[in-house]
Each structure stands twice: as C-alpha cells, then as structure tokens.
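My plan is to look things up one at a time and jot down what I find.

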Amino acid sequence: MTTPLILMGTGDHALVMLDFIQREGFGEVLGVLSPCESAKTWTQTPVLGSDSDVAKMIAKYPHAQFVVAIGNNATRLKVGNDIEKLGGTLASIISKTAVISPQAVIGAGGMILPFVVVHPKAEVGRLALLNTGAIVEHHCQLGEAVHLAPRSVLGGRVTVGSQTLMGVGACAKPAVTIGANVTVGAGSAVVADVANGLTVCGVPAKPL
Ligand SMILES: CC(C)(COP(=O)(O)OP(=O)(O)OC[C@H]1O[C@@H](n2cnc3c(N)ncnc32)[C@H](O)[C@@H]1OP(=O)(O)O)[C@@H](O)C(=O)NCCC(=O)NCCS
C-alpha cells in the first residue's frame, strides 16, 4: 500500500515536487493545501483547503503524511513545525536516484531530489531541501530547513546553520562554517566562515 500524501504549497517548488513524487511513485497525493487563491487552477490535483486546514486533514486522513513543498526556508520551517505540533507526520521524500550513505542521517521532512549525493557521517537537519544534483560531503552538519540549490556542493566537514540557502552551483571549501539565515549567491565559492544572517556572493564569496 502506498502512503497517502498531502502537499503543502502550490509554488514552483511544489510543482517540481508533485511531478517528482508522481514520476517516482512515492505515494498517492490526496491533494494540496495552499493559502493562495490561484491554487484553485494550479494542476489537476485537488486543492483540499488552505494551511489552516491541517488539523482537519489529520482528522480526516490519519495515515496521510505531509510534504512541505515550500521553497522559502523560514516558511517551510514554520509550516513543518505547525504540522508536527498538531500531531501530523512529515514525509521524507528521497529520490531513488539519490545516493545517500547508510552512515548519513536525514531529518524528518527532508526533500532529497534526483542525483543528490550525501556521504558518510553527514547529518542533515529536519525539513532540508537538497535540490537536484547537490553534493554533501562527509561529516557535514546541516541545520534545520537548509536549502542546497541545484548543483551546489559542500566539501567535507562543512557546517551550515538553520535556514541557510546555498544558491545554484555555489560551493563551500571543506571545514568552513556558514551561519544561520545566510544566503550564498549563485555560483559563489565560500572559502572562509560566514556569520549569521549575511548575504555573500562571488569567488571568493564576500558580503554583498
Ligand atoms: C546573491 C543574491 C541573493 C543577491 O540578490 P540581490 O540582493 O537581489 O542583489 P542584486 O541582484 O541587486 O545584485 C547586487 C550586486 O551583486 C552582484 N551579484 C548578485 N548575485 C551575484 C552572484 N551570485 N555572484 C556574484 N555577484 C552577484 C550583482 O551583479 C550586483 O552587482 P553590482 O552592484 O556591481 O551591479 C542573488 O543574486 C543570488 O545569487 N541568489 C541565489 C538564487 C538561487 O540560486 N536560488 C536557488 C533557486 S533553486
């Protein structure tokens, strides 16, 4: 029996997740919850309600798991926390083409897209979004709701704080520490520690 899934969100990332879930056969998507009016014409997938209907959905579909398909890190963390507070279960969606070491740890609610690699002893926090082709080397430590955009790369023993975004194709030198709520620009190379809350970009990455 496949797991019934409810998708949170109807933005671009949700579209990618829906397509990927259906193609790889992770489970039956019962529908989506979205606060947006435009959701009504989003896809063929039924819109079951808005974010405020989570408790109702848990009561109606007690075996369903929630995919928090929201690209914004802060919003994804908030929505994921709210679901768990209400007793809901976060689905972890890991592509069949991802290579995840059995010695790596992936937190609840992780979305691991095709061709991602996570090496031994890496720890990935809850609600992480490891986007297409991202690479997490050995012993990396990622906080909650981190987003590694497509083809971003973390060298060994890199630490990434909660809600940080590594932009498309960005990379980090082994053993650097990138703080929480940091944005690393697309194509940038982080070669030194980055303090919380900064936006850095360029090669080498410098504060914007
Ligand atoms: C770094 C970033 C956050 C800056 O965005 P912003 O604050 O709107 O900045 P602007 O686009 O106004 O650019 C400001 C300056 O930084 C430069 N810049 C912007 N992004 C840069 C990058 N990734 N690398 C190098 N320089 C960059 C611009 O050329 C501009 O330089 P100038 O002042 O000399 O003209 C953004 O460009 C970026 O790279 N975001 C990552 C997006 C991404 O990969 N998302 C994942 C989707 S899956």
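**Ground rules.** Before placing anything, I noted that helices (H or I, at least four residues) and strands (E, at least two) are DSSP runs, numbered from the N terminus. This is a predicted model, in which local features need pLDDT of at least 70 and side-chain atom pairs count only at pLDDT 80 or more, while totals for chains, interfaces and linings use all residues. Residues are numbered from 1 along each chain as its sequence is written, and side-chain values use heavy atoms, with hydrogens and water left out.

**Helix H1.** I began with leucine 15, which sits in helix H1. Is leucine 15 buried, exposed or in between? I use buried for under 20% relative accessible area, exposed for over 50%, and partly exposed for what falls in between (1.4 Å probe, protein chains only). Leucine 15 has a relative accessible area of 45%, so I wrote it down as partly exposed. Setting aside residues up to four places away in sequence, leucine 15 touches Trp42 and Thr43, where contact means heavy atoms within 4.5 Å.

From glutamine 22 to threonine 183 I found 31 Å, C-alpha to C-alpha, for a separation of 161 residues in sequence.

Histidine 13 also belongs to helix H1, which covers residues 12–24. With a relative accessible area of 12%, histidine 13 is buried. Which residues does histidine 13 contact, leaving aside its neighbours within four places in sequence? I listed Ala69, Ile70, Gly71, Met111 and Leu129.

**Histidine 147.** Histidine 147 has 12% relative accessibility, so it counts as buried. Its contacts, without residues up to four places away in sequence, include Gly71, Asn73, Arg76 and Leu129. The side chains of histidine 147 and asparagine 131 are joined by a polar contact of 3.1 Å. For that term I noted a pair of N or O atoms within 3.5 Å; within protein, one must be able to donate a hydrogen and the other to accept it, and residues adjacent in sequence count only if both atoms are side-chain atoms.

**The ligand.** Which residues come nearest to the ligand? Of the 13 residues around the ligand, they are Gly167, Val168, Gly185, Ala186 and Leu208; a residue is near if one of its heavy atoms lies within 4 Å. A polar backbone atom of valine 168 is 2.7 Å from an oxygen atom of the ligand. A nitrogen atom of the ligand lies 2.8 Å from a backbone N or O atom of alanine 186. Taken alone, the ligand exposes 920 Å², and the protein buries 38% of that. Accessible areas here come from the Shrake-Rupley method with a 1.4 Å probe, and for residues only the protein chains shown count as cover.

A reminder to myself: most residues other than glycine have a negative phi, and most peptide bonds are trans. Phenylalanine 115 has a positive phi of about 65° although it is not a glycine. I found phenylalanine 115 in the loop between strand E9 (111–112) and strand E10 (117–118). Phenylalanine 115 is exposed, because its relative accessible area is 55%.

Asparagine 181, not a glycine either, has a positive phi of about 55°. The loop that holds asparagine 181 runs between strand E20 (177–178) and strand E21 (183–184). Asparagine 181 is partly exposed, with a relative accessible area of 42%.

The peptide bond from valine 203 to proline 204 is cis, with omega near -5°. Proline 204 is in the loop between strand E23 (199–201) and strand E24 (206–207).

**The whole chain.** Last, I stepped back. How many helices and strands does the chain have? I counted three helices and 24 strands. Of the 208 residues of the chain, 50% count as buried. Along the principal axes, the C-alpha atoms fill a box of roughly 50 × 35 × 30 Å.
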